[in-house]
Amino acid sequence: MMHYRTLIELALVFAKLSLLSIGSSATIVGQMQRDVVAHGWMTVDQFSQAFGLSQSTPGSGAVIAVPIGYQAAGLAGVLVAFGAFYVPTFLLAILVTRLWHRVRTSRWPNAIRIAVLPVAMGLILGAVYSLGRATVRDVPSFLVIVVTVVLILRTKLPMVMLMGGAMAAGAVFLH
Amino acid sequence: MPRIFRTKWARFTRDGGAALEGQHVDIKPAQEARLASERSAPTLLRLTLVLLWIGATSFGGSTPPYFFQEFVRRRSWVSPEDFTEAYAVGRLLPGPTGANTLAYLIQSLRGPLIAAYCLIPYTLPSVLIMLLFTALLTRAPGNPYVHGALAGAAMAGIGVLVATVFQMTASASRARLWPLFIVAAFLSGGLLATNFFLTLLVLSALSLAVNLPEGRRSEE
């Protein structure tokens, strides 16, 4: 009985997060962390690690639903969390693209996108604050963040190499 | 490269296709690609194989650049113009941008049912790889090196978020009062941890109010 309740909660949380992720999927990371921790599916540390891992594997960053679902309810949790995150908005996208030709010449879609962007950026910075406050405990941790930012902005290194380097540095300096 | 495509390409890279920026682009002229897309609708098997490949190799957290490579550059299934539009729609809608872009592309190529099916080969490889990682790591919780490596991944994940904000700045700076809305959203969503939906709804509505399309603004 408890298991089904967890699955329903996973479905509701991830469907809600997916529908709220306007502007960028990164927008909802802060809220996702709050929801996941509040339901007791992960600690803040575990969530941060799962988020880091989701950036180092192929596919969309939305794959973070996999470790959360697994931790909450095993394989069934993975299916429910991932499905709830992808399916409703994917079906919505199919529906909207069928109607898109009616609004494609309107200036509103672009105006809405530009208007939402600064709000999305502020929410992402909110997630950085929230995750950082809970997980950055020493200078080496902070340095890994700084080096990652600089490498992303200044080089064309593949993300898998950046993440591999960060994990190697973590194994040496952060254990 | 024809001027019309250079313009489209510049708009695409500026609007968030940053992962593609700087890559060598040797593409057929736009008209040629459009003609090619008209004469070659991909088979279901071909679509499945291409999406499985993209799902297994698209490192970096953003899949639209990989769609561009496979759908536009390599196979000419879609014209650059149509791809640019698909990407713009994908970013506008809620949910993962890559999946939304894919929905638009497949919808235009093979219709809604095949589009719905394509979500499976697109997501399956990354889910299986992530599941493998998760299962392996949960079996070694006490190992200090594994713990350190995960902590390193977590810090890099935070770095990715910070870099994302920097990369969005060029597009966001086209909005009026954009620094104000960044600070307001940060304070509300981060420091005060107020209701996410309310923050998004209220601040987006205010931002839209001061960023009405030009025609609409002059009418009022």
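Across the interface of chain A and chain B in this predicted model, five residue pairs are found in polar contact, both partners having a pLDDT of 80 or more, while the count of salt bridges between the two chains is zero. The contact draws 93 residues from chain A and 94 residues from chain B, and together the chains bury about 8,500 Å², of which 78% lies on carbon and sulfur atoms. Of the area that chain A buries against chain B, 9% is supplied by A:Pro58, A:Phe90 and A:Met121, more than by any other three residues.

On the side of chain A that touches chain B, at least two residues each come from α1, α2, α3, α4, α5, α6 and α7, and α5(A) gives the most, with 24 residues. Helix α5 of chain A also holds A:Thr135, which counts as buried because its relative accessibility is 5%, under the 20% cut-off. Apart from its neighbours within four places in sequence, A:Thr135 is in contact with A:Val44, A:Asp45 and A:Ser48 of chain A, and with B:Met155 and B:Ile158 of chain B.

In chain B, helix α9 comprises the 14 residues 178–191 and reaches 19 Å from its first C-alpha to its last, close to the 20 Å expected at 1.5 Å a residue. The buried residues of this helix are B:Phe181, B:Ile182, B:Ala185, B:Ser188, B:Gly189 and B:Gly190; they cover an arc of only 165° around the axis and therefore lie on the same side of α9(B). What covers them includes α2 and α5 of chain A, together with α10 of chain B. After α9(B) comes B:Ala193, whose phi is positive, near 50°.

Terms used: Residues are numbered from 1 along each chain as its sequence is written. Chains are lettered from A and ligands numbered from 1 in the order in which they are written. This is a predicted model: local features need pLDDT of at least 70, side-chain atom pairs count only at pLDDT 80 or more; totals for chains, interfaces and linings use all residues. Side-chain values use heavy atoms; hydrogens and water are left out. Helices (H or I, at least four residues) and strands (E, at least two) are DSSP runs, numbered from the N terminus. The expected span of a helix is 1.5 Å times one less than its number of residues. Buried means under 20% relative accessible area, exposed over 50%, partly exposed in between (1.4 Å probe, protein chains only). The arc is that of the directions from the helix axis to the C-beta atoms. Contact means heavy atoms within 4.5 Å. Buried area is the accessible area (1.4 Å probe) that two parts lose on being put together, summed over both. A salt bridge is a side-chain nitrogen of Lys or Arg within 4 Å of a carboxyl oxygen of Asp or Glu. A polar contact is a pair of N or O atoms within 3.5 Å; within protein, one must be able to donate a hydrogen and the other to accept it, and residues adjacent in sequence count only if both atoms are side-chain atoms.
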